[in-house]
Amino acid sequence: MEPIIREARPEDRPFIEAISRLTWGGEDYLVRVFDEWLSDGGFYVLELEGKVIGTAKLTLLPGKVGWLEGLRVHPDYRGRGYGKKLHGFMLELGEKLAREGKIGALEFATYFLNRESTSMAERTGFHIKARFFVFGAKTEEFEPEEPERIEPTLEDLTLGLIPVGWHFVRRSEEALDWIKENAELYNINGFHFLAPKEGTTFTPLDIGLATLKSMLPAMAWVAEERGKGEFDVMLPSGVKPLLLGLKRLGLYLWDETEEPNVLVFRKKLV
């Protein structure tokens, strides 16, 4: 029987839960966002013989960007071309949305060791738009300090390309409105960082060893408030000369590298 790709439905949840349990050591986020993605639309599954064995999502971001995420294939079915089939379907969907004037490009982000995603992107016309470092941290390494939550303004958005969790939006008034809906801005000692409303991947908007040292206890506080004993920090590639100092602050890289470990890909459609 040939697999079919269709929009996700509420009754797909058990299959999605099974895929999540077997992805990233059970730390996959698909289950947490399942209801939100169903409501948002652009959420698709690959069904084979009555079973959902793969997923993919296209999210509309500011600047007419179609953001690709959630591409998964159940481990038992990998290596059979299903990931490629889902990717091709999402490219066709992107082309359709471009013809309708809804988007002008497709983008996505991936970890640098995800060779399958990077090679598939390069084969299908994507190029690397930006590079970032993502660091891990454990809350127990810091004395948590409560920050002040504030309303973001365009002046607060000091980065040209702004990570919000693992979404990346270009600085603009439209992006500011999107950030107000999807993230929270915190102030500690005059320094600011963004936190997505879901998850614990934080983006400092004031970058430097001294400013990060001041912000890390506040990030630990937010992570603990969200029931997590660890958090991540997303930083632009320009911090590469500071790697040793960042590690001394209590940050660590998931895999030992001196190069940016997050790649943001883009494919222009119009």
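S20 touches G26, D28, L30 and V31, leaving aside residues up to four places away in sequence. Contact here means heavy atoms within 4.5 Å. The model is predicted: local features need pLDDT of at least 70, side-chain atom pairs count only at pLDDT 80 or more, and totals for chains, interfaces and linings use all residues. Residues are numbered from 1 along each chain as its sequence is written, and side-chain values use heavy atoms, with hydrogens and water left out.

S20 lies in helix α1, which spans residues 13–21. Helices are DSSP runs of H or I with at least four residues, strands are runs of E with at least two, and both are numbered from the N terminus. The relative accessible area of S20 is 4%, so S20 is buried. Buried means under 20% relative accessible area, exposed over 50%, and partly exposed in between (1.4 Å probe, protein chains only). The side chain of S20 also makes a polar contact with the side chain of D28, at 3.1 Å. Such a contact is a pair of N or O atoms within 3.5 Å; within protein, one must be able to donate a hydrogen and the other to accept it, and residues adjacent in sequence count only if both atoms are side-chain atoms.

R21 also lies in helix α1. R21 counts as exposed because its relative accessibility is 57%. Its C-alpha atom is separated by 32 Å from that of L161, 140 residues apart along the chain.

A109 belongs to strand β5, residues 105–111. With residues up to four places away in sequence not counted, A109 touches W67, W166, F168, V262, L263 and V264. A109 and R131 are 22 residues apart in sequence, and their C-alpha atoms are 9.2 Å apart in space.
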